[in-house]
Amino acid sequence: MAKIFFAFLCSIVFFFSITTAANASYAVIDAETGRLLEGSNVHSRMPIASLTKIWTALIAIENSQLDDEVTISHQAALSEGSSVYLEPGEKVTVETLLYGLMLRSGNDAAYALAEHAGSSLEGFVDLMNEKAYLYGLNDTYFTNPSGLHNELHLSSAYDTAQMLRIALQNDKFKKIASTINYKSPTKNGVTWQNKHRLLRQQVDAVAGKTGYTKVAGRTLATYFEKDNKKVIVVTLSESNDWQVHTSLANKIFSNYDYVTIADKGEYQATEQKTVELSKPITLLLNKEEEKQIQNVVHLSRKQDNFGIWHVFLNNESIYSTRVNIK
């Protein structure tokens with residue numbers, strides 16, 4: 001068991017170290033924990049174009065059924081920008097609209113989903129912003145479900161990466177966002193191919209979303225998996241995005257490994273108290289970070305049956321979990 005060092009703050013604390021073997025902005029995060037691994041201008045608030053549709057898809061999935069039938073309104077059919085060519089009065093399932101949204105970036109699909117799931121465009125945007133606030137996406141504000149330019153419609157590379165991480169926890173979203181080709185049963189057998197080129201070309205690229213407006217430039221979000229390592233890359237206003245995403249993902253895969261910081265089991269905190277860790281703590285770290293990790297457990301004076309186990313790197317908590325105290 002690791003050596004234990006004691007310190008007394010406003011609550012009881014013990015900590016121990018376990019030694020283990022331009023204008024563009026970007027963020028690379030661990031898709032499991034959400035930890036920022038690398039980035040530049042990660043919190044700069046910028047237009048994200050159709051990466052907005054990641055959040056639109058999640059909100060629509062959570063507030064409707066995939067087999068719901070949507071009657072396309074005149075306003076939805078006339079949506080500005082990219083389109084899957086919906087017709088006024090046409091009846092299309094939510095599922096088909098979601099594939100049109102994520103694979104072909106249909107603004108008409110975004111409008112139709114918003115009207116259905118939010119009762120109105122404005123109501124749906126409220127749902128988008130409420131959920132962004134709930135998840136602490138402090139750089140983010142939506143004015144529409146498609147990503148069409150509005151001076152107030154902004155996010156950041158970091159927040160957008162977190163959006164994709166959160167959305168991928170929904171199995172329905174993950175299936176849609178990782179689909180290469182979709183043949184619509186309700187659109188006269190039309191087949192849609194995913195615009196995200198890396199998903200079609202690279203086995204490591206699993207899911208994602210493309211975006212573009214004249215103001216935002218090229219925006220791209222990609223979820224990569226390799227050797228059980230899972231990372232998300234987001235670039236904003238990056239013209240060379242395909243290559244940048246591939247290079248950043250490969251860099252992380254080469255330099256980072258999953259490291260077990262603490263094994264499952266019991267740890268002696270004091271003569272009277274034992275901390276029980278119900279599962280191992282395993283994090284994606286590079287070699288230098290492995291040497292700097294500290295484990296800190298906070299024991300509450302008021303609640304003597306549980307505490308919070310933190311993993312600290314450079315004086316910042318990068319992971320936390322509740323633990324039982326015996």
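Strand 14 and strand 18 (residues 316-325) pair in the antiparallel sense through two bridges, where pairing requires that DSSP finds at least two bridges between the strands. The partner of V275 in strand 18 is I325. This is a predicted model, in which local features need pLDDT of at least 70, side-chain atom pairs count only at pLDDT 80 or more, and totals for chains, interfaces and linings use all residues. Residues are numbered from 1 along each chain as its sequence is written, and side-chain values use heavy atoms, with hydrogens and water left out.

Strand 14 (residues 274-277) also runs antiparallel to strand 13 (residues 265-268). A hairpin of five residues links strand 13 to strand 14, and G265 has L277 as its bridge partner in strand 14. Strands (E, at least two residues) and helices (H or I, at least four) are DSSP runs numbered from the N terminus.

| Strand pair | Sense | Bridges |
|---|---|---|
| Strand 13 and strand 14 | antiparallel | four bridges |
| Strand 14 and strand 18 | antiparallel | two bridges |

The helices form a second topic. The axes of helix 1 (residues 52-62) and helix 6 (residues 157-168) come within 9 Å and cross at roughly 30 degrees; axes are lines fitted to C-alpha atoms, for helices over the stretch in contact, and angles run from 0 to 180 degrees between N-to-C directions. Helix 1 and helix 6 are therefore roughly parallel (angles under 35 degrees). In this contact (heavy atoms within 4.5 Å), I54, W55 and L58 of helix 1 meet M163, L164, I166 and A167 of helix 6.

Note on methods. Angles under 35 degrees count as roughly parallel, over 145 as roughly antiparallel, 65 to 115 as roughly perpendicular and the rest as oblique.
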